[in-house]
Amino acid sequence: MARSMLIITRQSPWSGPTAREALDIALAGGAFELPLGMLFLDDGVFQLTQAQQAAQLQQKDLTANLQALPMFGIDSLYAAKRSLSERGLDATKLSLLVEVLDDDALRTLINSYDHVITL
Amino acid sequence: MKFAIALFSPAHSPASRRALRFAEAALAAGHEIVRLFLYQDGVHNASANIVTAQDELDLAGEWARFVRSHDLDGVVCIAAGLRRGVLDEQEAKRQSRPAANLLPVWELSGLGQLHEAAQQADRLVCFGGH
């Protein structure tokens, strides 16, 4: 059986290439139909805000790429409840359909994967 | 046990030293390393252009000697490498850059190699941050 991998993405979309590079790991694995999950944690939840204006920073908006995840077979998508609330983000107004998990649920989630990569 | 090792930090970071010492210890204990994968700023560990002072630890050099002496599979993510200026001859030519700087013990390839390694390995161990 294929080994599962959870990708934990912890950086905002404006703090360099890390958010993009975490997403690229997910998309590359999706092409092989591997059992992958992605968790938006800490500043990573900023990737999920709507109506971003990345062009103001001469950056590309990642939102469309994130929304492609389910099309790549990656629909195990999670966000940390505490990370959202600490940043004043409304869990009902995100650009991606994610399951919002509290700290206990995060522990269970992370333990359920064979491999974990944190970027 | 089979290990896949991923490194996300450059040769001047303590994370690179920790990764190398972990890899050495894993082999010394009789384990197998199915692949070393350099991603993000970790690609700089494969640069031939790093110059360290004579009395300082030359981690890029140590990595290269380690990979060569154990005949390991050392892969550098091509997208991350291009973004940071780590190119082999083929990419230097393709992108019209004046020089290649990838140490020949390493190979440029795609992120699929990270997933393949994770599938083969019992443990994927990542080294990042400082």
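The exercises below work through a predicted model with chains A and B.

Residues are numbered from 1 along each chain as its sequence is written, while chains are lettered from A and ligands numbered from 1 in the order in which they are written. Local features need pLDDT of at least 70 and side-chain atom pairs count only at pLDDT 80 or more, whereas totals for chains, interfaces and linings use all residues.

**Exercise 1. The sheet of chain B**

Solution. 
Step 1. Strands (E, at least two residues) and helices (H or I, at least four) are DSSP runs, numbered from the N terminus. Two strands pair if DSSP finds at least two bridges between them.
Step 2. As one example of pairing, strand 2 (residues 32-38) and strand 3 (residues 74-77) of chain B run parallel and are joined by 3 bridges. Leu36(B) has Gly74(B) as its bridge partner in strand 3.

**Exercise 2. Helix 5 of chain B**

Solution. 
Step 1. Contact requires C-beta atoms, placed from the backbone, within 7 Å.
Step 2. Val34(B) is 86 residues from Gln120(B) in sequence, yet the two C-alpha atoms are 7.2 Å apart.
Step 3. A residue is buried with 20 or more other C-beta atoms within 10 Å of its own, exposed with 12 or fewer, and partly exposed in between. Gln120(B) has 15, so Gln120(B) is partly exposed.

**Exercise 3. Where the chains meet**

Task: describe the side of chain B that touches chain A.

Solution. 
Step 1. The contact involves 15 residues of chain B and 16 residues of chain A.
Step 2. On the side of chain B, helix 3 (78-83), helix 5 (112-120) and strand 5 (123-127) each supply at least two residues. The largest share, 5 residues, is from helix 5.
Step 3. Sorted by class, this side has 9 nonpolar, 5 polar and 1 charged residues. Here Ala, Val, Leu, Ile, Met, Phe, Trp, Tyr, Cys and Pro count as nonpolar, Asp, Glu, Lys and Arg as charged, and the others, Gly among them, as polar.

**Exercise 4. Strand 3 of chain A**

Task: is strand 3 of chain A mostly covered or mostly uncovered, and which strands does strand 3 pair with?

Solution. 
Step 1. Of the 5 residues in strand 3 (residues 76-80) of chain A, 4 are buried, and the strand is mostly covered.
Step 2. Strand 2 (residues 36-40) of chain A runs parallel to strand 3, with 4 bridges. Gly37(A) has Ser76(A) as its bridge partner.
Step 3. Strand 4 (residues 99-101) of chain A also runs parallel to strand 3, with 3 bridges; Ala79(A) has Val100(A) as its partner there.

Terms used: Two residues are in contact if their C-beta atoms, placed from the backbone, lie within 7 Å.
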